[in-house]
Amino acid sequence: YGMFDLYENRFYWFSLNYEYVDERYFKTLGILVGIAIYNSIILPIRFPIYLYKKLLGKAKCDLNELREFKKDVADNLEKLMKMDDVSQADVTFSIDFQRFGKNETVDLIENGRNIVVTNQTVKEYVKKYIDWTLNVSIEKPYKKFEEGFMLVCKARSLEFLYPEELDILVSGSNVIH
């Protein structure tokens, strides 16, 4: 409970509520995923391909990566970049989110909640938003998960896998009969 959130009714991604979860659980889960791969056991969980790209050191951190499991957010960021006058959207360099029902705001740059995004700064805003969502906000639990995973799967053979192949090894193929 509190370790992952379900997105698009398909993908599990690290919850922003992770601060209430013992870090050892993420490491343990990483170990279990690694053991499942090692023993050819398919798990009933699907992570975004981005997780496997991070594990393999192939992550790009762009709109397409975010779109896989947060399509609406990625689409809205793309629309923001196409606006004639971005400042009319009244967006600041901050992100509002909920942690166990409590509203929280995090600045993407120093004093970001007081800096309005403009046409000149919208690309920087989108880049920082994506980085915060995919990396910064989940850094602690991801590092523990990665640490556990690499205890079992730190083999040179991983270097030859594509992230999509690693996904299939963990969660199986998306075949509908």
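Predicted model: local features only at pLDDT ≥ 70, side-chain atom pairs only at ≥ 80, totals over all residues.
**View 1. The buried face of helix α7**. Helix α7 covers residues 163–171. Its buried residues are P163, L166, D167, V170 and S171. Viewed down the helix axis, these residues fall within an arc of 110°, so they line one face of α7. The packing partners of the buried residues are three helices: α1 (23–38), α2 (49–56) and α6 (139–153).

**View 2. The chain just after helix α7**. G172 directly follows the helix and adopts a positive phi of about 85°. S173 also belongs to the segment after α7. With a relative accessible area of 49%, S173 is partly exposed; the value is not over 50%, and therefore the residue is not classed as exposed.

**View 3. Contacts and spacing of S173**. When residues up to four places away in sequence are set aside, S173 touches R46 and I168. I42 lies 131 residues from S173 along the chain, and the C-alpha atoms of these two residues are separated by 9.5 Å.

Conventions
Residues numbered from 1 in each chain as written. Heavy atoms only, no water. Helix = DSSP H or I, 4+ residues; strand = E, 2+ residues; numbered from the N terminus. Buried < 20%, exposed > 50% of the residue type's maximum accessible area, 1.4 Å probe, protein only. Contact = heavy atoms within 4.5 Å. Arc of directions from axis to C-beta.
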